[in-house]
Amino acid sequence: MRTKQAWSLAIAAVLALWTVTSPTRAQDQKPTVKIPQPGVPEIATIEGAFVRAAYNNEGYVILGYKTANMSVGDDWMLLEMGTTVRDGVPAYKLKRQDVTLDTPDSTHLAMATVEEYRKADLRALENRAKVARDSINYFPPMASQACRIGFFSELGQTVLPWEDVELSNLRACMGRLFYHVPGGIKYGQHWLNVKFQNSLVRVPFRIFTKDEEKLMNKHYKDIRKQVKEAFEPPKKKK
């Protein structure tokens, strides 16, 4: 299992978790970014174009959302999540109701129930995710034991769905999440909220317009560098 090689505040570079503002004067001018404010103490990182991570002293969450970015207008959102607790934190049972979604219009959504998921028949969405996904297998070094987040049991799987998953600092837990989004998935800033025993981690992710995605791809290095510098602690004076 791959692990994060650098685990410090200085690596907290986030790509397009926020609004990307297109330059108006010149086509090649570097864009500026507006960092979203989670409202809780945490650090956010990037592990891929559609992979976001956030963590605090208690918990770590990584999110893959490429399928969601391809599903604008659809009533269902599929997210791939990985999570663990940090070293020194006791084991914790993460429950279905602990993982919620905030949409750009500030709607707060609970995860779908197993019954809602089965009734919706999301085989087409699941097949889309098989060909449009990024790895989320990035965890702190101690989290090396594979672990299933089994809130849902997809068609064809022989395992049963669970209502909770036990996290420990040795377990790298991963699984799919499904949310019913009334009115359909919209462009803009979203948040995946994960409630640990004593704190909340909010993973920011942005559903891109086509122009935003093109801008992000074109200025990847510039945006990454800009935001990394925003998160770095101030240098000590000599």
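Guide: Helix 1 gives the most to the lining of the largest cavity, with three residues; helices (H or I, at least four residues) and strands (E, at least two) are DSSP runs numbered from the N terminus. This is a predicted model, in which local features need pLDDT of at least 70 and side-chain atom pairs count only at pLDDT 80 or more, while totals for chains, interfaces and linings use all residues. Residues are numbered from 1 along each chain as its sequence is written, and side-chain values use heavy atoms, with hydrogens and water left out.

Visitor: What volume does the largest cavity have?

Guide: Its volume is about 60 Å³, where a cavity is a set of points, on a 1 Å grid over the protein atoms alone, at which a 1.4 Å probe fits but cannot get out, and lining residues have an atom within 4 Å of a point. Grid points are joined across faces, edges and corners, and the volume is the space filled by probe spheres set on the points.

Visitor: Which residues line the largest cavity?

Guide: Among them are Phe 50, Tyr 65, Lys 66, Leu 78, Glu 80 and Arg 133. Helix 1 (66-69) and strand 6 are the elements that give two or more residues to this lining.

Visitor: How does the lining divide into nonpolar, polar and charged?

Guide: There are six nonpolar, two polar and four charged residues, with Ala, Val, Leu, Ile, Met, Phe, Trp, Tyr, Cys and Pro counted as nonpolar, Asp, Glu, Lys and Arg as charged, and the others, Gly among them, as polar.

Visitor: Switching to the sheet, what order do the strands have?

Guide: The order is 3-4-5-6-12-10 in an open sheet of six strands with mixed pairing, where two strands pair if DSSP finds at least two bridges between them. Strand 3 (43-48) and strand 10 (145-148) are at the edges with a single partner strand each, so one side of each has no neighbour in the sheet.

Visitor: And how many bridges join strand 3 to strand 4?

Guide: Five bridges join strand 3 to strand 4 (residues 51-55), and the two run antiparallel; Thr 45, for instance, has Ala 53 in strand 4 as its bridge partner.

Visitor: Which cysteines form a disulfide?

Guide: Cys 147 and Cys 173 do, with their sulfur atoms 2.1 Å apart, the criterion being a pair of cysteine sulfur atoms within 2.5 Å. The pair links distant parts of the chain, since Cys 147 lies in strand 10 and Cys 173 in strand 12, 26 residues apart.

Visitor: Is that disulfide right-handed or left-handed?

Guide: The torsion about the S-S bond of Cys 147 and Cys 173 is about 90°, so the disulfide is right-handed.

Definitions and conventions: 1 Å grid on protein atoms, 1.4 Å probe; cavity = no way out; pocket = protein on both sides within 12 Å on 5 of 7 lines; lining within 4 Å.
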